[in-house]
Structure formats: structure tokens, C-alpha cells
Amino acid sequence: MVLLASAIALTGTSSGIGASSNHLSPAASLHRIAPTTVYPFLPNFKVTDGSSPYKYQVEPTMVINRSGTVFAGWKETDGPDAAGFRVGSSYSTDQGQTWAPNILMNQTHPNLGCRDSDPWMARDPSDRVHFAYLEYDPGGGSAPPCNSGLDVSNTTNGQDWGTVHYIQGHGGLVDKDSVAFDVNSRLYATWDEGNVLAFTWTDDFGGTWAPIINPGNHGSVLGAIVDTFGNNTVYLTWWDFSRSDILFESSTDGGSTWSPVLRVNDRAGSASGGFPQYPLPAMNVDKQTGAIYVSWADSRNGNPDIYFANSTDGGKTWGTNHRINDNTDSSQQYMVDLAVDGTGKVHAAWEDRRNGNWNIFYSNSTDGGQTWNTNVRVSSEDTPGTLDRPGDYFALEAGPNDYVYVVWTDGRGPDYDIYYARNPGFPVATVTATTSPVGLPVTVDGVTSPSPVQFNWTIGSSHSLGVAATIPAGSGTRYAWDSWSDGGAITHTIVATADETFTASFVKQFQATVGQDPAGLSVLVDDVSYTSPASFWWNDSSTHSLGAPSPQYATPDVRSVFSSWSDGGTQAHTVTATAPFSATATFVQEQGFRVSTAPANLSFKVDGTAYSAATTFWFTPGTYHIVSVETLQSGATGVRYRFASWSDGGAATHVVHFVSAMTIQATFAPEYYLTVTSSVPGASGSGWFAAGSTATASVVNAIYSTGPGQRSVFRGWAGDATGTGLTSNPILMDRPKEAVADYGTQFYLDVGSAYATASGAGWYDAGTTAHASISATTVSLAIGTRAAFDHWTDGASGTGATSNAILMDATKVATAVWKTLYLLTIDSGPGASASGGWYDSGTTVVARLSSGTVSLSAGARSQFLQWVGDAAGNDPSGSSAVVMDRPRNVGTRWTTEYLVTVTSDVGSVEGGGWYAAGSQATLRAPADQTSGGQSYRFSGWTGDVTSKEASVTVTVDHPMSARATYSSTTILGGVSGTSAGLISVLVVIAVVVALVVWRRSRRRGE
């Protein structure tokens, strides 16, 4: 941006400009001086935030309250020339550096399709901000309530606007409203309705309104403006488009009566113009002096210029018109606005096209408009000249601090937005955005311009910096973004902290197009496959690989093989990007000749070369080729194939005329081998058989001897054969098969026995079990002699009449083993034999008795004497040894014995005991005995022996009992005769008892 030298004089401040970077380290930043220069109207701030559903924001209005809060409103629409849809607003509490979120103002009839337009703000004496805007029917309807009218609401903070008050018009289309307060807080409003002047007022901020009037009954009205002075003085000005004049009238009684209408422009008809650049007037009143200032676009010089007139007598007369814009070309200036500050300085701003595009320019006058200072550009960026209607007005205001504020419609972005500036401006940093190479476009805060571009931004403000990823630079050439000098992303935010330059570096690229002929085939570019012409952007001097895969198949029978590259490169080669590049890979098409066999993988020959799998050959159409097969070919084990036919009807070897892609197949008939196996000679039936036919297998031997006691027995057919006859059932030959003659092995069991009847002999299947048996286990041979079964031997075991199980895993013999037994007969007499019975031949035994003494009766017994016959000895518990080599007889000899029982009255006597019958027993008794101190004398024997002799011999021929009797000879101790007699009796009794006990004891012992 170029700033005029006089701009500094307009601000009243100046200082040097430092340079710094907002990307230095904190330590480095201490040595940089941030700029403090303040330029008029810099920087420009965007008011609208993009939150609106409408793209275009135009026709801004503005007021500043006593605390310095800036309030702005605007029209929302969808095109540069379109009528309004809604009106929006925002406010700033930091003099316009930042703005509150945009809002859409309320409607009084939101559900009837009404629209809003033409916003206008005014501040009342209590510092409340009022927002007036028109409501209209976009369809041109005239039925209430949506038949055009005025909405008014108010706020103190810019957020809460309260109730929207509505005054309905007369039924025409309302347009170009304006409102103003007098010192009594009466709000005056004017607009044109169907180009007829409309005027009214309200004393309660829009709650009630005075009747709408047309002061002077004016028509052809457009752009009416109302302003006030003091109490009840009201001024109106407007453009009369039928006369091309700026007209004025006034009222000093609050609008009840009106002055004559005066023309402001001192050259009649000089205010000429039409859509879209109307010469609408601006008016402002110096509240201190009452001077009235009016400005408009005047065409008296052949092109619209900004002219100015003033009146110091309440509008009764108007002074000489003065031109404000100082350009010398014939460019267009229009859409002016005026403001008067507290010092009486008059400020003007307008739309200006002196540089070919639209900008807001500014000037001021300190002598009531007689002279004007050098024009200063307000907008820091152009609005393109093609955007020919940025609404019909904007706003210029002087604040309570005598600063000058401007809001305008700006087209630096893709559509219209509302921008704001203040004079004096804010401390700024000069920031340059450029590119390497220079001249490429950069986008700053949404606006794209060729680089380099320079901005004066408020210190600490944030901005968006970006470039396009690619920028065209001629046919097949472009620049691709590589990096920003500050390391930021392609679009990123920067903070203005000091003077700085940001450079976007780009890489030059060339377009490369790689294709294929014919289309649809694959080519490789940097190892990536493409099947249609592909376009690439390659960095200058970069190297890339090209390849043409070959062959490539369109169908299994059609393929293409590489022929050449249009750049002359080999099938795979590299190229270096130094200019736009194009290369095409050319391919030649071939057709397939496929040869196969059925079944697959049999051998064949093509042109004399053998193949063993289906193969596709690539031939030129119109050529001749020989195909052949061996008529009989081996397959898997037990399988072979016999040639049947070629699919083209040719012989096993024939010539094929190849004219286009084709398939030819040799068909073979399978044959399967039947294998007949047998463990026994005489099997038949093995051989080749056609698939689907039947065969049989045969054997001749049902039984076949394989050795002594061993044979094979036919049981039936196994494997793939069935049946039990010597010839199998029919076998379907649908694969290689084996017929197995199932022979079972049998072994012979021979059973032998010397005695009784043996059984169990015969043939047994191998692995089975058999048993050998005999009919009896003992056989009598002679008196006292017999045979007894002992056990089984050879191939059998066991001791029972039936052997243990015999596993028939070989030829076997089962033999019954017998032994000879002899009877030992013992004649035991009165005793009992303890060892008589049958004994194995050759064994040695002894004869035994259970006892050698046998009781016969009381006092009589038999006593063993000796063994006689085949044994000897006199021990009843065992005779001499007897060898059992024949039947043996043993006898016994016994003797009879009788018991002789001898007792005594006193003492003991001799001769008692057992005596052989008829033997002599001698009994002896002592002649004298003493017992208990008494002497006794033998008296004689009593019982079976009677004798007075102390010793007596008797013949024992029966049991005998004898008692020795004694008589007392001395009485000791003075025992009376009676006592002695008693004692004698007792002694006798004791002797008798003792004798009885002794005899019983002896019997038990015998």
C-alpha cells in the first residue's frame, strides 16, 4: 500500500518504523524494536465473522456511544445486487480491534415471509443505541401486516435489543430509511415509499408513531436523510431523480410545518446518475453551531465527483458547492458520507475508483467545507471494479473523542464483507508476504493477491497466511508449495509483533503424461502401474523410472507384448524432468493357441516339441503347426490312456492351420488294470480293461496243502472283488483294482492216548483254539493194578480230562500221559490201617496203623506184635519199606492182655499191670508198713486173689483185682482203741479209692 505524505499530517502523530520478526526467540526479541507508527485508518478490521447464512453483507451503519463502544449494523443478502433478507449487527468495546459475534436482528413478522433491509443506527441523548430497518414483502404484496414498514429496537450493550417496534407504511415499497434524535429524545424517521417521501416521529422509542406525512407532497424521491438541531428543528434532504437535483426542506416545529424546498446543488441537474451508482446525498449538522453540511455525487464535470455544500442559516440559503476529491482523472467517485466532530471539523468519505478498483477515500475540512485536505485512502485493499454495487451507502462517524470511524462494504474477499477503520489508526507492524520465486499469489486473511503484498497490522493481531498448494506457470509447468520461511503449515496463523517478511517457497514442476497404445494396457511409472494415460507433476531435475510390463493379457487368448517407447527408451528406462514430458508405450498384439489333453497332463507335441501340461502358444495368425500324441500313454499306477480323438477331428498326428485364437484338445479313453493276487497257485484274470467294462478273477484250488498238518482253504474274494465262488462276481473297472483270493490257513491237531477214548483231533483255522479230551481218567488193568491219567503233553497242557486251550498257530499233537498204580492192601486185625491204598508204580511206602493198642473191654486189650506178609517190623507206626512194583498185601499179628489191679490198705504193694493172657503175675506186699506213725502187718490178699502169702503168683486169663490187707500192730500217741479202729477204716477206704483211680488212669493210657 502506498501512503500519501499528507496522511501523517491528518493523524497528528508520527515516529520511526522499526523492523522485527514474530518468530525470533524471546532473547533475540529483546533486541528488536516493535514499530510504533500510527497511520490514519490503518489497519482495516473485518467486522463480519462469516457466521451468517447469507454470503453478502452490505450497507453498513454505525454509532459510537460516550464510552467509546462502536456499534455496527448491516444488510444481509445473497448477491452483490440483491435486495435484503435480514439485517445483522455487532459491537466492539476496544475501538473496533475485535468484534462481538455477529447476530441477526429480530423481525416483527418472522413467519409471514417478510424481509429486512436498509439498516440505520442513531444514538439518543441518554446514550442508548437505536437500530431502524425496513420490513417489506419481497413479492411486492400490499396486504397488512407484511406490506412494508419500519422496525426499531434499542440497546445499551449491543447484545440485548429488546422489543422490536413496528410502524406500517402506506402500502407502497419502502426504501432508503433514515432516523435521527433531537435533544428531547424524539426519534424522527424518513424513507421513500414507492418513491414518495414519508416522514413520521415517535416520542416513546417506537411504541407509538405520529401519522406518516409527505412534507411538500414530493415524488421522485430516493435516499431521504433526516437530521436535527436543538429542539424541534428537523432537516430533510433527498435526491430527486426526476430533476437530478439534491433537494432540502426543514421544519422548526417538530415536523408540523415545513419550509419551501430548496436545491442544494448550485448547478441544476448536476446530480445525475442511476442504478447501480445513485448520487444519493449525505447530511450532517454541527450540533454546536447549527451549520448544515450536505454532500453528494455530482456529474457536472462529465464524471461523478464528490461535491459539498453548507448552510449556516438553518437551510434557508446554501453556499457555493466545493469538490472534495482531489484526483485529476475521470474516474468515478460516489456514495459519500459526512461527519462533524466536536471541534467543528467536517469529515467526508466516499467510494472512489481512481485506481481502477473500488476503495474508500477520506478527506476533512477545518473551514466548514470551503477547502479540503489531501485525500487519503481508507481501505487497505481494493474491491474489484467488477463488483459495481457495494450497496447504496456506508457510515462515517466522529466519536466523543473526535476520532473518525468508518464502516464500509468491502470486496477484498470472495464476496462482500463489512470492514472498519479508525483515524487515528493503531500501532502496526509492516508485514510482507511473498513467494520464492516472487510474483506467485498469496492468500492473507482470505484475500488472494500476487506476491509480494505488504500489510500494516495492529501489533498483537492474528492473521491467516496461506498459499495454494499448486500454482500454474504455463502449459505443463507449475509451482508446488514446499515450505514457509517460518516453518508454518501451508495455511497457518501468524501474530503481528514486528516488521517481518514471510516467504513461501515453491518447487518448479513439469507435467509428465505417460500413456499406452493400445489403451488399457499397463505401464509402470516409478514402479506404480497405470492402465490409462496418467499425468504427473515432477519436480524440476528429478529422475523417474518408466516400464512397460510384457506380455500383458487382455483375455487368456489375447495378449500384448512391448514394442517401443515414443521417447526412444528401452522397455525399462529412466527420464529426468527438465520440461513438460510425454511418452507412450506401444504394444503388439498376439493370439493364443491352447493345446490340452483330456484327461489333463498327458503328453503331446507341438511342432516337434513335447509338452506334458496344457500350454498356450502365441502364434501369428495364418501359420501352420503340427500337433501329435502317442496313442497309448501311461498314467498313474494301474492306469493308461488310449488316444480317442482331437477336438478338431484330426488324426493323432496332423497339421493345424492357425487363423485366430483357438483351443485344441486331445481326448484319451482311460483303461484300468485288474490285479489278481492269491497265496495259492492257480489264480487268473489279471489284465487291462476299458473304463466301465467288467472283469472276473478265478482260482482253481478250494483247498491247497502247504505242508504236513497245514493247508490253505479258499474263503472268498476280497480287495475290490466279491463273491465266495472260485470265480468272483463281476468287477466294474472304473479305476485300477485288485482282486484278492482270500485263503485261510488251517493246522491239524493230532490227539493221542494209551488208554480210554481220545477226542479233539482235526483241522483248525490258524489263530483259533482247540481242546483235546479223553473219555476217562482211570482204567483198571488187573486186580490191584490200574492206569491213571496224569497230564497232557506235546502241544497240549493241563491235568484235566479236557486239555487247556490249544492255540492253533502250527501243526500240533496232544498226548495224554498215563501212569500205573498198584494197590497196597493191609490186614490191620483189630486195629485200623493208616496207609493202605493205590500207589504209583515204583514208589516206596510203609504200612502204618492208626494205633498199636486196641481196647477190648474193661481191663482187656489187644497189643500189636509185628508186621507179616510183604512187610516186616514190630512198629505199628511204620513197617519196613514196601516197593510198589506190584500189588502188595501186608498182615498184622496181635496179643491179648489183661490188667491186674493191686491195692493195699497201707503203703504200696507190687505186681499190678498188664499181662499177656495166660502169663504169670507175681504179687508182692511188704510184711510190715508204717503209716501216720502206726505200724501195720500184712494180713492177706483179697479180691480175685486170696492168699495170706505176702508174695503170690497167679495165672492172668482175665482182668484181675487183688488187695493187700494190713492190721495195726501199735497205737501211737495214746489213741484209743476206738480211734485206732476208726483210723484203720479210713485207711482202707483211702486205699480202695486210690486203687479205683489208678485203674481208670491206666485204661485211659491204654
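The following legends describe close-up views of a predicted model.

**View 1. The largest nonpolar core and the surroundings of Leu 150.** The largest nonpolar core comprises 36 residues. Leu 150, Trp 191, Val 264, Ile 292, Val 294 and Trp 296 have the most contacts inside this core. With neighbours within four places in sequence left aside, the contacts of Leu 150 include Ala 132, Tyr 133 and Leu 134, as well as His 165, Tyr 166 and Ile 167. Asp 177, Ala 189, Trp 191 and Trp 209 are also in contact with Leu 150. Another core, of 34 residues, lies apart from the largest one and has Phe 604, Val 656, Ala 695 and Tyr 743 among its members.

View 2. Phe 308 belongs to strand β19 (residues 305–311), whereas Trp 372 lies in the loop between β23 (359–365) and β24 (376–377), so the pair ties together parts that are 64 residues apart in sequence. Phe 308 is buried, at 0% relative accessibility, and Trp 372 is likewise counted as buried, at 15%.

**View 3. The aromatic pair of Tyr 673 and Trp 688.** The ring centres of Tyr 673 and Trp 688 are 5.2 Å apart and their planes lie at 70 degrees; the pair is therefore edge-to-face. Tyr 673 is located in strand β52 (residues 662–678) and Trp 688 in strand β53 (residues 687–690), 15 residues apart. Tyr 673 is partly exposed at 28% relative accessibility, as is Trp 688 at 34%.

**View 4. A cluster of aromatic rings.** Phe 593, Phe 604, Tyr 611, Phe 617, Phe 619 and Phe 658 are linked into a cluster by ring pairs. Phe 604 is also among the residues of the 34-residue nonpolar core.

View 5. The whole structure contains 31 salt bridges. In one of them, the side chains of Lys 75 and Glu 59 meet at 3.5 Å, N to O. Lys 75 is in strand β3 (residues 70–77) and Glu 59 in strand β2 (residues 56–64), 16 residues apart; both residues are buried. Arg 300 forms a salt bridge with Asp 266, with 2.7 Å between the closest N and O atoms. Arg 300 lies in the loop between β18 (292–298) and β19, and Asp 266 in the loop between β16 (262–263) and β17 (282–285), so this bridge ties together parts 34 residues apart in sequence. Arg 300 is buried, with a relative accessible area of 17%, whereas Asp 266 is partly exposed at 41%.

**View 6. The salt bridge of Lys 819 and Asp 790.** The closest N and O atoms of Lys 819 and Asp 790 are 3.6 Å apart in this salt bridge. Lys 819 is placed in strand β66 (residues 812–826) and Asp 790 in strand β64, so parts 29 residues apart in sequence are tied together. Lys 819 is partly exposed, with a relative accessible area of 30%, and Asp 790 is partly exposed at 28%.

**View 7. A nonpolar surface patch around Ile 626.** Tyr 624, Ile 626 and Val 655 form this patch, which has about 320 Å² of accessible area together. Ile 626 lies in strand β48 (residues 623–628) and is partly exposed, with a relative accessible area of 42%.

Definitions and conventions. Residues are numbered from 1 along each chain as its sequence is written. This is a predicted model: local features need pLDDT of at least 70, side-chain atom pairs count only at pLDDT 80 or more; totals for chains, interfaces and linings use all residues. Side-chain values use heavy atoms; hydrogens and water are left out. Patches are made of residues with over 30% relative accessible area and no salt bridge: like charges are joined within 9 Å, nonpolar side chains (Val, Leu, Ile, Met, Phe, Trp, Tyr) within 5 Å. Accessible areas come from the Shrake-Rupley method with a 1.4 Å probe; for residues, only the protein chains shown count as cover. A salt bridge is a side-chain nitrogen of Lys or Arg within 4 Å of a carboxyl oxygen of Asp or Glu. Helices (H or I, at least four residues) and strands (E, at least two) are DSSP runs, numbered from the N terminus. Buried means under 20% relative accessible area, exposed over 50%, partly exposed in between (1.4 Å probe, protein chains only). A nonpolar core is a set of buried Ala, Val, Leu, Ile, Met, Phe, Trp, Tyr and Cys residues joined through side-chain atoms within 4.5 Å. Contact means heavy atoms within 4.5 Å. Rings of Phe, Tyr and Trp (its six-membered ring) pair if their centres lie within 6.5 Å; planes under 30 degrees apart count as stacked, over 60 as edge-to-face and the rest as tilted.
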